[in-house]
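Here are my notes on this model, point by point. Please read them with the structure open.

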Amino acid sequence: MSRSIGGMRSFSTAASSLLADATAASQSIRQPSSFQVFRDVPQLRQLRRQLLQKDRTVGFVPTMGALHEGHLSLIREAARENTDIFVSIYVNPTQFGVTEDLSSYPRTWDSDVAKLEELNKELAQTEATAGPETGKGRITAIFAPTSKVMYPGLPPSSEIEGHGSFVTITPLSSKLEGGSRPVFFRGVATVCMKLFNATTPDRVYFGQKDVQQTVIIKRMVQDFLVGTEVRIVDTAREEDGLAMSSRNVYLGARRRAVGLTVYRSLKAAADAYQSGKTSRADILGAAHGEAQRVISEQQVLSPSERSLFQVDYISLADPDTLDELEIVNPTKGGVLSTAFKMAPLEETKPNEDCGLGDGQVAVRLIDNLILQPRA
Ligand SMILES: Nc1ncnc2c1ncn2[C@@H]1O[C@H](COP(=O)(O)OP(=O)(O)OP(=O)(O)O)[C@@H](O)[C@H]1O
Ligand SMILES: CC(C)(CO)[C@@H](O)C(=O)[O-]
Ligand code: BAL
(Lines give C-alpha, C1' and ligand atoms only; values in the text may rest on other atoms or scores of the structure.)
(Ligands and ions follow the chains in the order given, each with its own letter.)
Protein backbone atom coordinates (compact mmCIF):
# COMPACT_ATOMS: atom_id res chain seq x y z
CA MET A 1 0.00 0.00 0.00
CA SER A 2 1.43 3.34 -0.90
CA ARG A 3 0.14 6.77 0.05
CA SER A 4 1.56 10.18 -0.58
CA ILE A 5 0.49 12.81 1.89
CA GLY A 6 0.50 16.55 2.46
CA GLY A 7 3.01 19.15 1.53
CA MET A 8 2.63 19.03 -2.24
CA ARG A 9 -0.70 20.63 -2.71
CA SER A 10 0.49 23.46 -4.93
CA PHE A 11 1.91 21.12 -7.61
CA SER A 12 0.65 21.92 -11.07
CA THR A 13 -2.11 19.49 -11.85
CA ALA A 14 -0.32 17.89 -14.79
CA ALA A 15 2.69 17.23 -12.57
CA SER A 16 0.48 15.91 -9.79
CA SER A 17 -1.25 13.62 -12.17
CA LEU A 18 2.05 12.20 -13.41
CA LEU A 19 3.03 11.75 -9.79
CA ALA A 20 -0.23 9.95 -9.12
CA ASP A 21 0.30 7.64 -12.10
CA ALA A 22 3.87 6.97 -11.05
CA THR A 23 2.63 6.13 -7.57
CA ALA A 24 0.08 3.73 -9.01
CA ALA A 25 2.64 2.15 -11.32
CA SER A 26 5.14 1.65 -8.52
CA GLN A 27 2.60 -0.14 -6.37
CA SER A 28 3.00 -3.87 -6.27
CA ILE A 29 -0.05 -4.77 -8.34
CA ARG A 30 -1.66 -7.53 -6.32
CA GLN A 31 -3.13 -10.03 -8.76
CA PRO A 32 -6.77 -10.59 -7.98
CA SER A 33 -8.25 -14.00 -8.68
CA SER A 34 -11.94 -13.32 -9.19
CA PHE A 35 -11.83 -10.39 -11.63
CA GLN A 36 -9.55 -8.87 -14.23
CA VAL A 37 -7.75 -5.54 -13.97
CA PHE A 38 -7.71 -3.38 -17.08
CA ARG A 39 -5.34 -0.46 -17.51
CA ASP A 40 -6.45 0.43 -21.05
CA VAL A 41 -9.67 0.64 -23.02
CA PRO A 42 -9.42 -1.84 -25.96
CA GLN A 43 -9.23 -4.98 -23.82
CA LEU A 44 -12.07 -3.74 -21.63
CA ARG A 45 -14.19 -3.13 -24.73
CA GLN A 46 -13.46 -6.66 -25.90
CA LEU A 47 -14.81 -8.04 -22.61
CA ARG A 48 -17.84 -5.73 -22.89
CA ARG A 49 -18.60 -7.04 -26.39
CA GLN A 50 -18.38 -10.65 -25.20
CA LEU A 51 -20.78 -9.92 -22.33
CA LEU A 52 -23.20 -8.22 -24.70
CA GLN A 53 -23.21 -11.25 -27.00
CA LYS A 54 -24.13 -13.41 -24.03
CA ASP A 55 -26.97 -11.09 -22.99
CA ARG A 56 -25.22 -10.25 -19.75
CA THR A 57 -25.76 -6.86 -18.15
CA VAL A 58 -23.14 -4.49 -16.81
CA GLY A 59 -23.52 -2.26 -13.75
CA PHE A 60 -20.75 0.30 -13.47
CA VAL A 61 -19.49 1.82 -10.21
CA PRO A 62 -17.01 4.69 -10.70
CA THR A 63 -14.73 5.40 -7.73
CA MET A 64 -11.49 7.10 -6.84
CA GLY A 65 -10.43 4.11 -4.72
CA ALA A 66 -9.70 4.15 -0.96
CA LEU A 67 -12.76 1.94 -0.81
CA HIS A 68 -15.05 1.85 2.20
CA GLU A 69 -18.50 0.47 3.03
CA GLY A 70 -20.17 3.28 1.07
CA HIS A 71 -18.51 2.08 -2.14
CA LEU A 72 -19.31 -1.53 -1.32
CA SER A 73 -22.99 -0.67 -0.84
CA LEU A 74 -23.05 0.70 -4.41
CA ILE A 75 -21.54 -2.55 -5.67
CA ARG A 76 -24.04 -4.67 -3.70
CA GLU A 77 -26.86 -2.70 -5.30
CA ALA A 78 -25.28 -3.19 -8.73
CA ALA A 79 -25.06 -6.94 -8.01
CA ARG A 80 -28.80 -7.07 -7.40
CA GLU A 81 -29.55 -5.73 -10.85
CA ASN A 82 -26.75 -6.88 -13.15
CA THR A 83 -24.80 -10.01 -13.96
CA ASP A 84 -21.48 -8.21 -14.20
CA ILE A 85 -20.06 -5.27 -12.29
CA PHE A 86 -17.29 -3.05 -13.52
CA VAL A 87 -15.61 -0.86 -10.89
CA SER A 88 -13.27 1.95 -11.88
CA ILE A 89 -10.51 3.15 -9.60
CA TYR A 90 -9.07 6.38 -10.92
CA VAL A 91 -8.14 9.55 -9.06
CA ASN A 92 -9.22 12.03 -11.70
CA PRO A 93 -6.89 15.05 -11.82
CA THR A 94 -9.25 17.40 -13.65
CA GLN A 95 -11.77 17.52 -10.80
CA PHE A 96 -9.17 18.82 -8.35
CA GLY A 97 -8.37 22.52 -8.50
CA VAL A 98 -4.67 23.43 -8.68
CA THR A 99 -4.54 24.16 -4.93
CA GLU A 100 -6.63 21.14 -3.88
CA ASP A 101 -5.64 17.78 -2.41
CA LEU A 102 -4.91 15.68 -5.52
CA SER A 103 -1.43 14.68 -4.36
CA SER A 104 -2.59 13.77 -0.86
CA TYR A 105 -5.77 11.94 -1.91
CA PRO A 106 -5.56 8.46 -0.30
CA ARG A 107 -4.38 5.72 -2.64
CA THR A 108 -4.80 2.21 -1.26
CA TRP A 109 -4.64 -0.19 -4.20
CA ASP A 110 -3.82 -3.41 -2.32
CA SER A 111 -6.52 -3.06 0.29
CA ASP A 112 -9.03 -1.97 -2.40
CA VAL A 113 -8.38 -5.16 -4.37
CA ALA A 114 -8.62 -7.25 -1.19
CA LYS A 115 -11.99 -5.66 -0.31
CA LEU A 116 -13.35 -6.32 -3.79
CA GLU A 117 -12.25 -9.96 -3.65
CA GLU A 118 -13.93 -10.36 -0.26
CA LEU A 119 -17.07 -8.78 -1.65
CA ASN A 120 -17.15 -11.23 -4.56
CA LYS A 121 -17.00 -14.06 -2.03
CA GLU A 122 -19.83 -12.45 -0.06
CA LEU A 123 -21.94 -12.08 -3.22
CA ALA A 124 -21.46 -15.75 -4.08
CA GLN A 125 -22.38 -16.71 -0.53
CA THR A 126 -25.50 -14.54 -0.54
CA GLU A 127 -26.67 -16.08 -3.78
CA ALA A 128 -26.01 -19.60 -2.47
CA THR A 129 -27.94 -19.07 0.75
CA ALA A 130 -30.70 -16.65 -0.24
CA GLY A 131 -31.30 -17.56 -3.89
CA PRO A 132 -30.54 -15.89 -7.23
CA GLU A 133 -33.25 -13.23 -6.91
CA THR A 134 -31.18 -11.56 -4.17
CA GLY A 135 -28.47 -10.78 -6.69
CA LYS A 136 -26.56 -12.75 -9.21
CA GLY A 137 -23.92 -10.21 -10.06
CA ARG A 138 -20.20 -10.42 -9.53
CA ILE A 139 -17.38 -7.97 -9.95
CA THR A 140 -15.89 -8.93 -13.29
CA ALA A 141 -13.58 -6.05 -14.11
CA ILE A 142 -11.63 -3.30 -12.43
CA PHE A 143 -10.77 -0.42 -14.72
CA ALA A 144 -7.72 1.39 -13.38
CA PRO A 145 -6.56 3.56 -16.27
CA THR A 146 -3.55 5.86 -16.37
CA SER A 147 -4.04 9.57 -17.06
CA LYS A 148 -2.46 9.06 -20.49
CA VAL A 149 -5.31 6.68 -21.29
CA MET A 150 -7.99 8.98 -19.91
CA TYR A 151 -6.57 12.20 -21.35
CA PRO A 152 -4.85 11.08 -24.57
CA GLY A 153 -4.86 14.46 -26.35
CA LEU A 154 -3.43 16.94 -23.90
CA PRO A 155 -2.03 16.69 -20.39
CA PRO A 156 -5.08 17.19 -18.17
CA SER A 157 -5.62 20.76 -17.04
CA SER A 158 -7.29 21.90 -13.85
CA GLU A 159 -6.94 25.57 -14.69
CA ILE A 160 -10.28 27.31 -15.05
CA GLU A 161 -9.19 28.60 -18.45
CA GLY A 162 -7.22 25.43 -19.24
CA HIS A 163 -7.48 23.77 -22.64
CA GLY A 164 -8.93 20.34 -23.22
CA SER A 165 -12.09 18.52 -24.21
CA PHE A 166 -14.53 19.05 -21.37
CA VAL A 167 -18.15 18.36 -20.56
CA THR A 168 -19.74 21.34 -18.85
CA ILE A 169 -23.16 21.26 -17.25
CA THR A 170 -24.31 24.77 -16.39
CA PRO A 171 -25.56 26.36 -14.20
CA LEU A 172 -25.68 23.28 -11.94
CA SER A 173 -21.89 23.00 -11.82
CA SER A 174 -21.33 26.43 -10.34
CA LYS A 175 -23.67 26.05 -7.37
CA LEU A 176 -22.83 24.71 -3.88
CA GLU A 177 -19.63 22.64 -4.18
CA GLY A 178 -18.96 24.39 -7.49
CA GLY A 179 -18.77 27.73 -5.66
CA SER A 180 -15.72 26.58 -3.74
CA ARG A 181 -14.40 24.10 -6.30
CA PRO A 182 -14.87 25.86 -9.66
CA VAL A 183 -13.42 23.10 -11.88
CA PHE A 184 -14.81 20.22 -9.86
CA PHE A 185 -17.94 19.30 -11.79
CA ARG A 186 -16.39 20.00 -15.17
CA GLY A 187 -13.82 17.36 -14.18
CA VAL A 188 -16.44 14.97 -12.81
CA ALA A 189 -18.74 15.24 -15.85
CA THR A 190 -15.81 14.90 -18.23
CA VAL A 191 -14.30 11.84 -16.58
CA CYS A 192 -17.70 10.18 -16.14
CA MET A 193 -18.49 10.69 -19.82
CA LYS A 194 -15.15 9.06 -20.69
CA LEU A 195 -15.71 6.22 -18.22
CA PHE A 196 -19.23 5.64 -19.54
CA ASN A 197 -17.88 5.57 -23.10
CA ALA A 198 -15.20 3.07 -22.11
CA THR A 199 -17.57 0.75 -20.24
CA THR A 200 -20.96 1.31 -21.97
CA PRO A 201 -22.83 0.10 -18.89
CA ASP A 202 -26.52 -0.77 -18.68
CA ARG A 203 -26.67 1.01 -15.33
CA VAL A 204 -24.39 3.32 -13.36
CA TYR A 205 -24.35 3.63 -9.56
CA PHE A 206 -23.65 6.79 -7.59
CA GLY A 207 -23.85 7.55 -3.88
CA GLN A 208 -26.39 9.97 -2.40
CA LYS A 209 -23.56 11.36 -0.26
CA ASP A 210 -22.41 13.43 -3.25
CA VAL A 211 -25.86 14.82 -4.00
CA GLN A 212 -24.82 17.52 -6.44
CA GLN A 213 -22.82 14.97 -8.39
CA THR A 214 -25.94 12.79 -8.70
CA VAL A 215 -28.00 15.70 -10.04
CA ILE A 216 -25.30 16.62 -12.55
CA ILE A 217 -24.77 13.06 -13.76
CA LYS A 218 -28.51 12.57 -14.23
CA ARG A 219 -28.65 15.81 -16.21
CA MET A 220 -25.62 14.84 -18.32
CA VAL A 221 -27.07 11.42 -19.15
CA GLN A 222 -30.38 13.03 -20.12
CA ASP A 223 -28.93 15.91 -22.13
CA PHE A 224 -26.28 13.87 -24.00
CA LEU A 225 -28.61 10.91 -24.65
CA VAL A 226 -26.27 8.53 -22.85
CA GLY A 227 -27.72 5.02 -23.03
CA THR A 228 -27.50 4.07 -19.38
CA GLU A 229 -29.73 4.18 -16.32
CA VAL A 230 -28.58 6.20 -13.31
CA ARG A 231 -29.12 4.64 -9.89
CA ILE A 232 -28.61 6.50 -6.63
CA VAL A 233 -27.77 4.56 -3.46
CA ASP A 234 -28.38 5.82 0.10
CA THR A 235 -25.51 7.33 2.07
CA ALA A 236 -23.68 4.76 4.19
CA ARG A 237 -22.99 6.17 7.66
CA GLU A 238 -20.97 5.28 10.70
CA GLU A 239 -23.06 4.30 13.72
CA ASP A 240 -23.14 7.85 15.06
CA GLY A 241 -24.24 9.28 11.71
CA LEU A 242 -20.99 10.50 10.14
CA ALA A 243 -21.12 9.90 6.39
CA MET A 244 -18.43 7.48 5.26
CA SER A 245 -15.88 9.14 3.03
CA SER A 246 -12.43 8.29 1.72
CA ARG A 247 -11.07 11.50 3.21
CA ASN A 248 -12.17 10.55 6.76
CA VAL A 249 -8.84 8.73 7.22
CA TYR A 250 -7.21 12.15 7.60
CA LEU A 251 -9.42 13.25 10.51
CA GLY A 252 -8.02 11.43 13.56
CA ALA A 253 -10.03 11.16 16.79
CA ARG A 254 -10.32 14.84 17.72
CA ARG A 255 -11.45 16.11 14.32
CA ARG A 256 -13.58 12.98 13.83
CA ALA A 257 -15.59 13.83 16.99
CA VAL A 258 -16.07 17.48 16.05
CA GLY A 259 -16.68 16.59 12.38
CA LEU A 260 -19.89 14.86 13.43
CA THR A 261 -21.31 18.40 13.65
CA VAL A 262 -21.76 18.20 9.86
CA TYR A 263 -24.40 15.51 10.30
CA ARG A 264 -25.84 16.96 13.50
CA SER A 265 -26.41 20.36 11.88
CA LEU A 266 -28.25 18.79 8.97
CA LYS A 267 -30.23 16.62 11.35
CA ALA A 268 -31.29 19.68 13.38
CA ALA A 269 -32.55 21.29 10.16
CA ALA A 270 -34.32 18.10 9.04
CA ASP A 271 -35.98 17.83 12.46
CA ALA A 272 -37.24 21.40 12.09
CA TYR A 273 -38.81 20.43 8.74
CA GLN A 274 -40.29 17.26 10.26
CA SER A 275 -41.84 19.33 13.03
CA GLY A 276 -43.76 21.33 10.44
CA LYS A 277 -41.41 24.22 9.63
CA THR A 278 -41.13 25.15 5.95
CA SER A 279 -39.29 28.49 5.87
CA ARG A 280 -35.61 28.80 5.04
CA ALA A 281 -35.03 30.89 8.15
CA ASP A 282 -36.49 28.25 10.46
CA ILE A 283 -34.89 25.23 8.78
CA LEU A 284 -31.40 26.62 8.11
CA GLY A 285 -31.48 28.56 11.37
CA ALA A 286 -31.53 25.22 13.19
CA ALA A 287 -28.49 23.99 11.26
CA HIS A 288 -26.49 27.20 11.69
CA GLY A 289 -27.41 27.26 15.38
CA GLU A 290 -25.96 23.79 15.92
CA ALA A 291 -22.79 24.57 13.94
CA GLN A 292 -22.26 27.87 15.77
CA ARG A 293 -22.80 26.22 19.14
CA VAL A 294 -19.93 23.81 18.45
CA ILE A 295 -17.68 26.52 16.98
CA SER A 296 -18.12 28.60 20.15
CA GLU A 297 -17.48 25.53 22.31
CA GLN A 298 -14.25 24.77 20.46
CA GLN A 299 -12.96 28.34 20.37
CA VAL A 300 -12.61 28.57 24.13
CA LEU A 301 -10.57 25.36 24.33
CA SER A 302 -6.77 25.38 24.19
CA PRO A 303 -5.04 24.73 20.82
CA SER A 304 -4.07 21.22 21.94
CA GLU A 305 -7.69 20.36 22.77
CA ARG A 306 -9.74 21.97 20.09
CA SER A 307 -10.63 21.35 16.48
CA LEU A 308 -11.55 24.42 14.49
CA PHE A 309 -13.65 24.38 11.36
CA GLN A 310 -15.39 26.71 8.95
CA VAL A 311 -18.85 26.27 7.52
CA ASP A 312 -18.47 26.74 3.78
CA TYR A 313 -22.22 26.65 3.09
CA ILE A 314 -25.44 25.17 4.35
CA SER A 315 -27.99 24.99 1.59
CA LEU A 316 -31.69 24.33 1.29
CA ALA A 317 -32.34 23.69 -2.37
CA ASP A 318 -34.72 22.35 -4.96
CA PRO A 319 -33.92 18.66 -5.61
CA ASP A 320 -33.81 19.02 -9.42
CA THR A 321 -32.39 22.49 -10.08
CA LEU A 322 -30.47 23.01 -6.82
CA ASP A 323 -31.85 26.56 -6.76
CA GLU A 324 -31.98 27.88 -3.20
CA LEU A 325 -35.44 27.75 -1.62
CA GLU A 326 -37.04 30.42 0.56
CA ILE A 327 -39.82 28.04 1.46
CA VAL A 328 -40.12 24.28 1.07
CA ASN A 329 -43.13 23.11 -0.86
CA PRO A 330 -44.13 20.12 1.30
CA THR A 331 -45.43 18.23 -1.74
CA LYS A 332 -41.98 18.43 -3.38
CA GLY A 333 -39.53 18.46 -0.47
CA GLY A 334 -35.96 19.70 -0.77
CA VAL A 335 -32.29 18.96 -0.30
CA LEU A 336 -30.31 20.07 2.72
CA SER A 337 -26.59 20.00 2.02
CA THR A 338 -23.45 21.33 3.58
CA ALA A 339 -19.67 21.48 3.42
CA PHE A 340 -17.39 22.08 6.39
CA LYS A 341 -13.66 22.70 6.21
CA MET A 342 -11.92 21.00 9.11
CA ALA A 343 -8.75 22.99 9.78
CA PRO A 344 -5.44 21.25 10.48
CA LEU A 345 -4.83 20.68 14.20
CA GLU A 346 -2.93 23.60 15.73
CA GLU A 347 -1.16 21.55 18.41
CA THR A 348 -1.08 17.83 18.93
CA LYS A 349 -0.49 15.81 22.09
CA PRO A 350 1.97 12.94 22.44
CA ASN A 351 0.48 9.66 21.15
CA GLU A 352 -2.66 11.40 19.99
CA ASP A 353 -4.54 9.68 17.13
CA CYS A 354 -4.28 12.47 14.56
CA GLY A 355 -5.15 10.38 11.49
CA LEU A 356 -3.21 9.97 8.29
CA GLY A 357 -1.05 13.05 7.69
CA ASP A 358 -0.65 13.75 11.43
CA GLY A 359 -3.61 16.12 11.58
CA GLN A 360 -1.94 18.55 9.17
CA VAL A 361 -4.15 17.92 6.12
CA ALA A 362 -7.23 20.16 5.95
CA VAL A 363 -10.30 17.99 5.37
CA ARG A 364 -13.40 19.00 3.47
CA LEU A 365 -16.47 17.15 4.74
CA ILE A 366 -19.72 17.17 2.79
CA ASP A 367 -23.07 15.63 3.59
CA ASN A 368 -26.76 16.05 2.80
CA LEU A 369 -30.21 14.96 3.87
CA ILE A 370 -33.28 14.79 1.69
CA LEU A 371 -36.43 16.47 2.97
CA GLN A 372 -39.00 14.01 1.71
CA PRO A 373 -42.31 15.31 0.42
CA ARG A 374 -44.98 15.22 3.11
CA ALA A 375 -48.17 13.45 2.09
N1 LIG B 1 -20.93 7.15 2.47
C2 LIG B 1 -21.26 6.86 1.24
N3 LIG B 1 -22.44 6.25 0.97
C4 LIG B 1 -22.82 5.95 -0.31
N5 LIG B 1 -22.05 6.22 -1.38
C6 LIG B 1 -20.87 6.82 -1.16
C7 LIG B 1 -20.41 7.16 0.14
N8 LIG B 1 -19.20 7.74 0.04
C9 LIG B 1 -18.91 7.77 -1.27
N10 LIG B 1 -19.91 7.21 -2.00
C11 LIG B 1 -20.00 7.13 -3.45
O12 LIG B 1 -18.96 6.38 -3.97
C13 LIG B 1 -18.65 6.86 -5.28
C14 LIG B 1 -17.18 7.10 -5.35
O15 LIG B 1 -16.84 8.13 -4.44
P16 LIG B 1 -15.36 8.50 -4.02
O17 LIG B 1 -14.44 7.45 -4.53
O18 LIG B 1 -15.09 9.91 -4.32
O19 LIG B 1 -15.40 8.30 -2.45
P20 LIG B 1 -15.71 9.34 -1.34
O21 LIG B 1 -15.77 8.62 -0.08
O22 LIG B 1 -16.88 10.16 -1.80
O23 LIG B 1 -14.42 10.21 -1.30
P24 LIG B 1 -14.24 11.69 -0.89
O25 LIG B 1 -13.45 11.65 0.35
O26 LIG B 1 -13.54 12.18 -2.10
O27 LIG B 1 -15.57 12.35 -0.70
C28 LIG B 1 -19.47 8.13 -5.48
O29 LIG B 1 -20.63 7.81 -6.23
C30 LIG B 1 -19.84 8.50 -4.08
O31 LIG B 1 -21.03 9.24 -3.98
C1 LIG C 1 -17.56 9.91 -9.84
C2 LIG C 1 -16.08 10.04 -9.57
C3 LIG C 1 -15.46 8.64 -9.47
C4 LIG C 1 -15.45 10.73 -10.78
O5 LIG C 1 -14.08 10.83 -10.62
C6 LIG C 1 -15.81 10.86 -8.30
O7 LIG C 1 -16.25 12.16 -8.43
C8 LIG C 1 -16.34 10.20 -7.08
O9 LIG C 1 -15.67 9.25 -6.68
O10 LIG C 1 -17.38 10.59 -6.53
N1 BAL D 1 -16.64 12.04 -4.15
C2 BAL D 1 -16.12 13.32 -4.40
C3 BAL D 1 -14.81 13.31 -5.07
C4 BAL D 1 -14.01 14.55 -4.79
O5 BAL D 1 -14.20 15.18 -3.75
O6 BAL D 1 -13.15 14.91 -5.60
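**Helix packing, ligand shells and domains**

1. H7 passes H8 in a right-handed crossing (the near helix is turned clockwise from the far one by less than a right angle). Helices here are DSSP runs of H or I, at least four residues; strands are runs of E, at least two; both are numbered from the N terminus. The model is predicted: local features need pLDDT of at least 70, side-chain atom pairs count only at pLDDT 80 or more, and totals for chains, interfaces and linings use all residues. Residues are numbered from 1 along each chain as its sequence is written, with chains lettered from A and ligands numbered from 1 in the order in which they are written.

2. H7 spans residues 184-199 and H8 residues 211-223; they pack at about 50 degrees, with axes 11 Å apart. Axes are lines fitted to C-alpha atoms over the stretch in contact, and angles run from 0 to 180 degrees between N-to-C directions.

3. From H7, the contact uses Phe185, Val188, Ala189, Cys192 and Met193; from H8, Gln213, Ile216, Ile217 and Met220. Contact means C-beta atoms, placed from the backbone, within 7 Å. The classes are 8 nonpolar, 1 polar and no charged residues. Ala, Val, Leu, Ile, Met, Phe, Trp, Tyr, Cys and Pro count as nonpolar; Asp, Glu, Lys and Arg as charged; the others, Gly among them, as polar.

4. Ligand 1 has 18 residues around it; Gly70, Gly207, Met244, Ser246 and Arg247 come nearest. Helix H3 (69-81) and strand S5 (203-207) each supply at least two. H3 has the largest share, 4 residues. By class, this shell has 7 nonpolar, 8 polar and 3 charged residues.

5. The domain assignment gives domain 1 (13-233) and domain 2 (246-371); such bounds come from an automatic or database assignment. Their C-alpha centres lie 27 Å apart.

Key
Contact = placed C-beta atoms within 7 Å. Near = placed C-beta within 6 Å.
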